[in-house]
Amino acid sequence: MTSMNIEQPTPNNQLPRRLKTERDPETKPGTQGREAVALITGGTRGIGFGIARALAAEGYRLAVCGVRDEQAAAPSLADLRADGTDVLYCRCDIGKRDDRVAMLDRIRSHYGRLDILVNNAGVAPKERRDLLDATEESFEWVLKTNLQGPYFLTQAVARWMIEQADAIAGFSGMIINVSSISATVVSPNRGEYCVSKAGVSMATQLWAVRLAEFGIPVYEVRPGVTATDMTSGVKEKYDKLIADGLIPQRRWGDPADTGNVVAALARGNFPYSTGQVIMVDGGLTIPRL
Ligand SMILES: NC(=O)c1ccc[n+]([C@@H]2O[C@H](COP(=O)([O-])OP(=O)(O)OC[C@H]3O[C@@H](n4cnc5c(N)ncnc54)[C@H](OP(=O)(O)O)[C@@H]3O)[C@@H](O)[C@H]2O)c1
């Protein structure tokens, strides 16, 4: 294949800011206007930050979490608050039950409600190792962070959303899981990551079925190769692969690409599509000859 120019993504802090939109709070699920609250795990960096910006632009009040202390996340928080969005930061290791409980307690006392959960936080193995050499320690850490934590955060949030449906007029919850093309694309040098994302995909379907009777849709958003800190160490490798045609759309994914998809879901325009996967991969996973 021939080489061609790769469009470089815009750094996160220069993403175009979209105008807030007014919505009819009565008509669509997930669109309760300025009262509504979205929790984005890992919302101060990378794809999560792209999602947080997109939901802020939709008028959501935000809760975001991460493992860094609040000071380290301050520039992102200032960006999100720049046009008046209420943003609560919670330091929370998603893999730890007590942290998850404390985070939901804080959101409950700060906002009193939670309308959308976006399970975005995730980790790649600290070291890429062939399947034949990979360690159980890495497997446990990646699975705890990428699958077990979000799975049980979903359980806790789902129970709260079911309560809220009775208590708040017009309330309708929504859960969005950020998986990866690694849910189906094999990388033998980071098997634990692939297994975790395949698990997120099944978890999405499980929760979609379980929560359908409560009117809570659950979606999976599946990004491809996206320019963030997670992929900075393999930038040159993917620059070359993209130039050689790995991705039909011939550019890196941008966090805003995923953010825009999440915002579209949050508007409530996909009410009869629970459990479905929305690809954000520039066509990478289209089978080709
Ligand atoms: N980049 C890609 O090419 C790509 C492709 C497909 C899917 N994804 C998925 O997209 C999601 C975001 O990835 P990214 O590329 O934006 O990664 P990133 O730039 O490394 O950011 C990861 C975010 O997750 C947070 N996080 C990590 N471990 C956590 C934990 N134990 N508890 C709470 N928060 C935690 C981090 O918090 P701190 O900021 O506090 O460190 C950070 O905000 C991940 O689930 C990833 O698997 C990424």
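Two residues are taken to be in contact if their C-beta atoms, placed from the backbone, lie within 7 Å. In this predicted model, among contacts between residues at least 6 apart in sequence, 76% join residues at least 24 apart. The protein has 289 residues, of which 44% count as buried. Its secondary structure comprises 8 helices and 7 strands.

Helix 4 spans residues 136-167 and thus contains 32 residues. From its first C-alpha to its last, helix 4 reaches 44 Å, close to the 46 Å expected at 1.5 Å a residue. The helix bends by about 45 degrees at K144. Its buried residues are S138, V142, T145, N146, L147, G149, P150, L153, T154, V157 and M161.

The loop between strand 4 and helix 4 contains R129. A residue is buried if 20 or more other C-beta atoms lie within 10 Å of its own, and exposed if 12 or fewer do. R129 counts as partly exposed because it has 16 C-beta neighbours inside 10 Å. When neighbours within four places in sequence are left aside, R129 is in contact with A134 and N189. The C-alpha atoms of R129 and E192 are 9.8 Å apart in space, although 63 residues separate the two positions in sequence.

Note on methods:
Residues are numbered from 1 along each chain as its sequence is written. This is a predicted model: local features need pLDDT of at least 70, side-chain atom pairs count only at pLDDT 80 or more; totals for chains, interfaces and linings use all residues. Helices (H or I, at least four residues) and strands (E, at least two) are DSSP runs, numbered from the N terminus. The expected span of a helix is 1.5 Å times one less than its number of residues. The bend at a residue is the angle between axes fitted to the seven residues ending there and the seven starting there.
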